[in-house]
Every structure is written in C-alpha cells, then in structure tokens.
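Here is a short briefing to read alongside the model.

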Amino acid sequence: MKNYIKITAAIVALGFVSCDPEFDNSVDDAGFFESGTADFSNYVAVGNSLTAGFADNALYITAQETSYPNIMANQFSFVGGGEFTQPLTDDNIGGLLLGGTQIQPNRFVLAFDAAGNPGPVVLEGTPTTDVATSAVGPFNNMGVPGAKSFELLAPGYGSVAGVTQGTANPYFARFATSDNATVIADAVSLNPTFFSLWIGNNDILSYATSGGSGVDQLGNLDPSTYESNDITDPNVFASVYSDQVTALMSGGAQGALVNIPDVTSIPFFTTVPTQSIPLDAATAGVVNAQFGLYNTQVLPLLVGAGIISQEEADLRVVNFTAGVNFPIMTDDDLTDVTNILISQGIDPATAGLLGQLRQVNDNDLMVLLAAGVLGTLADPSNPASVIGVGVPLADQFVLAASEQARISTAAAGFNAAIEGLAAANGLAFVDARSALAEVAATGVPFSGGVLTSQFVTGGAFSLDGVHPTPRGYAFTANVIINAINAQYGGTIPTVDIGNFGTITLENN
Amino acid sequence: MKKILFLAVFTLASAVMYAGGFRVNLQGNKSLAMGHTGVAVVNNAELVFHNPAGLVFLENRLSIAAGGFPVFSNVAYQNTTTGESAETDSGVGTPFYIYASYQATDWLAFGLGVYTPYGSEVTYPDDWAGSHLVNNIDLAAIYFQASAAIKVNKFFSFSAGFIFVNGNVSLNRNLSRTLTDLEGNRSEVTVDASGVNDTGWTVSALFNVTDNFRLGATYRSLIRLETDDATADFENIPNSPATPFEDTTASAEVPLPAEITVGLSYEFYDKWLFAFDLQTTYWSEFENLDIDFADPLIPDSVNPRNYETASTYRFGLQYEASERFTLRGGYYYDESPIQAGFFSPETPRNDSNNYTAGLTFDVNDRLQIDASFLYVQFDEVDASFDFFEENGVLVPFGGTYKSNAFVPGLGVTYKL
C-alpha cells in the first residue's frame, strides 16, 4: 500500500516537474544570441527626427514605439540590453503645444474623400503634448526632430523660453535637463555603453524640402550665421561630428555611425511628376503666343548683350505643346533680368514675370507640396492665373538640378567624414545611403512582398513623404543591427519587417 | 515487488505515440490509466463509450461511472531568427464523462453516456507573433449517446446507438499582422458559435474468443458541426471605408471526424490484463476551417487545414494488486493528422508520446474511486503554416514549438 502511494506520488511529481515545456535551446537562454565584443547594457541613441521615430509629419506615441532605436533595443535585450527609455508624447494625435498654444501640426492619416479617393489629411483633434510640461530627461532615445549636426552641441537648444524666440527646439525643450543643456551632454550623462549617432540629414534636408530656397554655406565655417534652410558646410559638419563621437566615446562606449541617405530619392521628391500641365493644341498655341517675343527676341538680345549665356537662354525657352506639359517656374539660380527688361521699356509686371522664368525640365524634382498648388488659380477671379501656365510656380516647389548638385556635394562630404570617423574609432559604419538607394531603386523583398519608396503604397515612407513608416524604421533597425553584428562579431537577431505596419487609415 | 517494478517500467517505457488534432482522449479514468484502451475490456460502464456491445457481459444490473479531468496544457513557441517567443496561458480544460448501463435481460442491455471527445483550448498572449492566426480558441463538443446491446451468444454481441452533439466554439484572432486603429490597438475579430447541434450514430461488436481473450471493434460516425448564425465581433477597426468591418454573423463548419477502434484484451496470471487498441480517426474530413461572413463587404476567412487520417496505438496493463487496489499503466502513441506546412498555432500538435497510470480503490462492494494520470510529451518541432495570405502574398508563419499536457483525473464507479 505504501509503495503504491509512493509510486503514484512519484508519477504525479514527474508530471509537475515537466509542466512547462522547455526548448533544448531557448532564445531566452544566455548565449543563444551573442553580443560579440560590444556591451549593450546601456544603449543611447542620438540623432534627429529619424531617431525620435517621427512620422506622418509629427511625433506621436505609436510612432515612437517603432522608432529604430526602440526596435533595436528590443533586439539588444537578447544580448544583455537593458531598459530603453523614450520621451513619449502624450497622444497619438501628434502636434505640440507651447503653454497651451499649438506650435506643431497634427499628424497625417490616410483618409478617403467623398469620391472614394485616398489621400493624406491632417488628423483633427487638439494635441495634448505641451513643451512647457517637461518630460524628465535624459532619455535613452535622444532623437530631437529638426536637429542639425551643430545644434546637438548648442547650449540653450533645449530652453523652453528660447522656443518662442526661435533659438531653441520644442522637442528638445520638452526633455532637456536644463535650459543650457546640450543634446550631446545629456546623452553623455547617461554613461552609455553603446550608442548610435545619426545626424546631418537636416543639414541638407531642409534646403531640399524648401526647394533649395536656402543658401549653400560651403566655405562659411560659422554655423551661428546659418538660416534654417541652408546647407551646412562639410567642414563644419566634420568638426562637430568628430566632437560628438569623441564625447559619446568618452566613457569607453562602442557604437554605430549612420551615414546620410540621398534625400532626393524619398517620395517627397519623386511623387509629383515634372510634367503635370495638360493642354490641348489650341490652348498651347495661345500660351506660346504670349511667350513668342520672349523666346525669339528678348532671350537672344540678353545673350548678345552678355547678360546671360546661350546655355541659360536655352534653359529659359518656354514652349507648350498639346499633351502634358512642364509648368513654368521661378528659378532663383537664373540671372535676374527684371530691371534690365524694365530699363528696355517692358512693363514692370511682365518684367517681373520673366525675371527668373523658365520651364521645369526633366532634371528637376518637384516637391510633394507642389501637388496642392499646380494647376490652381493664383487669383481665383482670374482664369488666366493658372499656376504653372499663366503664373510661374514658386521656386520653393522645385528642386532644380543645380540645387540637387549642392546637396549631393555636401552629403558626400558628410558621409566621407562619418565613414572616416567610424574606421578611425573602430565603430560600426552603417551605410544607410546604400540601403535607401536599394529601397528606391529595386525595392527590398520581405515576408509580405517588396518594400519600396512608392508614396503611400510602397510601405517604407509615411504620409509626409520624408520619414519612414514603422516598417521603414524596422528595415532601418535591421540595417544597423547587421552593421553592428559585422563590426562586433555578434549575432543579434533582426526583426521581420512584415510585422510592422505602414500608414494609418482614419477618416476624420 | 517484481510485479510492481514491471508495472513501473511499463508505465514509463519510452516508445513513441499520438492522437492529435483536437481529439481529447479522456473518456474514462479506468481506460485512460491503461493508455485509453478499452474496446475489448469488459469491466465497467466506460464501455458505453469504448464498446457498448460489451455492456451485456457486465456482471451488474446497473453500472454507473462518472469523472473528470482538469487538463493542464502548455505550448511554447519561439523564432530563432527574430527572437520572438510566446507561451500559452490556457485555462484549465475540464473534459468529463457520465455513463450508465442497465442490464434489461440476459441478452439485452442499454447504455447512456455523456462525454466530451473533441475539444481544444489554447490561449496565447494577445498580439503575440502569431496573433494573425489565433489569439485564443475554445472548442468543446458534448456527446450524448444512447446505445442498445444485444448478446447473440456467449461469444458474440453487438450494439447500435444514437449520438446527439452540442458544440460551442469561440475563436479570436487579429485581422492581419499589422492593422491597428489610430491608437495602435490591433484590429481583431472574435467568432463565437454556441449551441450548435447535430446528430450521429455508433455501432460496435465484441467477440469473446476464449474466457481470457476478447476482440472488440467500435465505429463512431462523422458529425459535422455547422452553423449559419455564429457571431463575428470586430474590435479596434480604424474608421475608414477601406476597413468595412462591422459586426455581423458568420457561417462555419467544423467536422468531428469518424473514428474506428479495434482492439484486444488478454487476461493472464489471474490478476493481470493486457489491452491493445488501434484507433483510427478520419481527419481527412477536415480540409478547411473557413468562416463565411454574412456581410458581403467583409472578405471570407479561408484557412486550409488538409488534415490526414491518423491512428493511435494504445497499450494498457492492469494488475489487481489486492482486494481493494487495482493498478493500471499504459502508453499510447498518437500520430498527428497535421501535414507539413499546415501546422497552425491554433492546434499545434505533432506526434506525441503519452504515458498513463492510475489506480482504483474499492470503497465497498458497490463504490470504487478511480484515479488516473496522463502525461503527454511532444518532441520539439520546427513547423510552419504556409497558407496565410496578405495582400495576395502567402506569408508563412513558422518557428519551433514545444508542447506538453498534464492531466490528472478522478472518477467514481458505482455498481448495483
């Protein structure tokens, strides 16, 4: 009898012991994934909007949760990664308040209009995230939307008072540890064992998205004189970037440096076609007649007088045909001939129109915002004021070839500095430029299809046409993780980007 | 002592066994303790399930058996590429049985039974890696059976019976891998069908070859649980014409497959009984688990299953240790009906080894207490479900699964 009870008890005990199924090799076991020679226990990410998780022209909770640093930190948890904190906003509306007044717009969502056509619209609602109600920083995610390279080292960049004066950044003001704190100093104060640095995008991006309306500051080594849409001098970039790497490595941290992608391959510049003005033959003829004198007499005279080159004259010829045409535009890189024309007796209005006029051509890139302007009437009461035909498209809507060249030159300088510093310091170098180029050129296959940079449908870019979707950020995280594994010999797992969403549907 | 050792070794013997899908082989404590054999074992009212033809050979005019089993089952999942992992937190399932047999004359007996041969309860953490396939499922079917058994002679008897089934199923899953509402809550659907009824039948036969050696066979028919008025409750749907998921009704069908069991029992050394059952479940009936939503705007849910017919090999041993104690042990190997590429986390079953043991304590001449224990051991398996479609692209969901189940049981037998 006693024996039976013992046997029964033993069998029951056996069952309880085996109650939880255990894998021979569990992903949660230490050593299943390897960190390599890096220490991920305290990861700090430094950068701009991309690092913050900005998407759909706003910062909001769900986007922050799929920021590439947060995705990476989740994967780092398999190799000893610790807690990763982020300055989460207060809602999923996006937008920012400053003392109750809205200073940043709400996010975009994809809505369908009455005719059933989808398009980005600004989500309705009042944001609840107030810059003045500080989040207590510093955070492991030190991504500051809008930050340029040199601004990471600028004292006062996180001053709430400075936001209204335009000297500070509202996103950093939310969580800067003091009015005089710098982004880098706050990041360093966390004593990171590992960091990522992705900065410099805005040093060319704001110039690009403004259609080149800023100034290329090549040769100007004083960034305090720069305006917001200017291109940063590559030597300035290299200098501040080097200082940042040095600061972040000061406690012995290892890290990853991410280079600057080609901003012109993002949907913001590839969605609106250069040819967008449909005209029939009769209308084209009428419009051409208006430019007849300009084409055949004014331009040759200007060349003859040595005011413009023959090359510029060719560029300035206006010609519409039956079909879809290039719009006319004002290009501030052209010689301004307004006063010369006035001095030759042409009326000031016409002279002003022709002063820096040309037609858009295949070498230009149209910014996404041009879609809302092209073909509309500049003066609603004047049917001849069609923008792109009767009234030139403003320079800010077109990124001209000359402007693209300045961006390309600056980016090449930045990237040479980044790659050089990575090599010199034994840090992982992340070639985001090549990765984005692949997305834009051929797309990248994944478990649910192909990730492309097609606006709305491609999956990589959010509705602002500039910032990634969660899936785009997940792709970015994988690119960085792969570079880290290559540099430090680890086996940190990547994520399945198909598990990350793209754009958000919502009708207001 | 030697005999006990023999029993212990037999109980823990390592071979390989399974009866997969959502078949729950817990139709009696005595039979379960012997590897759920019983088609040719004549000693109690559990025969109502295993082989009603044997009821005419029971010694008592009235026999009643009843009991239940708290089922503790666990499934662990992991993906060694991404590091994703999950472990189920399923509720405790409670299969039960009640059988009564009545010996009307020396050649006629009746049996009534209520039992739960099909069921599944699996609960993953919400929004886990496979949540687009299932967050949780709860399926239960209660069988009500009435059988009559006729003794042809002392060697042979047969039976026929009628089965009424009451079924319930509830399934929750996310609509896709990524769809959320504005706040990031994953869009999900719960399909709930309750009180689905249908009928079936069963026949069986028993052949007493000698006083010690019996052969038995039982067949239970296919029963299709069909419903047109399941409810479909959609949650966390974004406000958009592109996602027209309004609550609606749905039709769906789950087959409870036919099953045939043949087996033998052999008494030896006076106090020992050996039993072997071969049970075949016609799972090939389970081709799809499709949910047809009544709202025409909502695409139907198509889920190929393509199960294949599978068998279970059962071995049981009984030893009457004393006046009051009977010891049992058993083992069965359960083949999974799930084919490669169709391994869905909703029923994550690969072949299993099942070890059973138990005992009966005679309280008095009429009342017995039956206890049993089942441990289901699955090997770790790398498997995938390859037929989830996303925007026209098939997206396999795979990984490593490891499951087990632990089932203690308790019952009573009453004889008059």
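Predicted model: local features only at pLDDT ≥ 70, side-chain atom pairs only at ≥ 80, totals over all residues.

Residues are numbered from 1 along each chain as its sequence is written, while chains are lettered from A and ligands numbered from 1 in the order in which they are written.

**Confidence**

- For the complex, the predictor reports an ipTM of 0.89 and a pTM of 0.92.
- Take care with residues 1-19 of chain B, where the pLDDT is below 50. Beyond near neighbours in sequence, this stretch still has 41 contacts in the model (two residues are in contact if their C-beta atoms, placed from the backbone, lie within 7 Å).

**Domains of chain A**

- Chain A splits into domain 1 (43-269 + 402-499) and domain 2 (277-361 + 365-399), with bounds that come from an automatic or database domain assignment.
- Between the C-alpha centres of domain 1 and domain 2 of chain A there are 37 Å.
- Domain 1 of chain A gives 14 residues to the contact and domain 2 of chain A gives nine residues.
- On the domain 1 side, helix H8 (202-209), helix H10 (267-270) and helix H15 (401-425) of chain A each give two or more residues. Helices here are DSSP runs of H or I with at least four residues, strands are runs of E with at least two, and both are numbered from the N terminus.

**A helix pair in chain A**

- The axes of helix H4 (residues 68-76) and helix H17 (residues 470-488) of chain A come within 8 Å and cross at roughly 55°. Axes are lines fitted to C-alpha atoms, for helices over the stretch in contact, with angles from 0 to 180 degrees between N-to-C directions.
- H4(A) and H17(A) are therefore oblique to each other; under 35 degrees counts as roughly parallel, over 145 as roughly antiparallel, 65 to 115 as roughly perpendicular and the rest as oblique.
- The residues in contact include A:Tyr68 and A:Met72 of H4(A), and A:Tyr473 and A:Ile480 of H17(A).

**Backbone details**

- Most residues other than glycine have a negative phi, and most peptide bonds are trans.
- A:Gly137 and A:Pro138 are joined by a cis peptide bond, with omega about 0°. A:Pro138 sits in the loop between strand S5 (118-122) and strand S6 (141-143) of chain A.
- B:Tyr269 has a positive phi, near 50°, and lies in the loop between strand S12 (259-268) and strand S13 (272-281) of chain B.

Terms used: pLDDT = per-residue confidence, 0-100.
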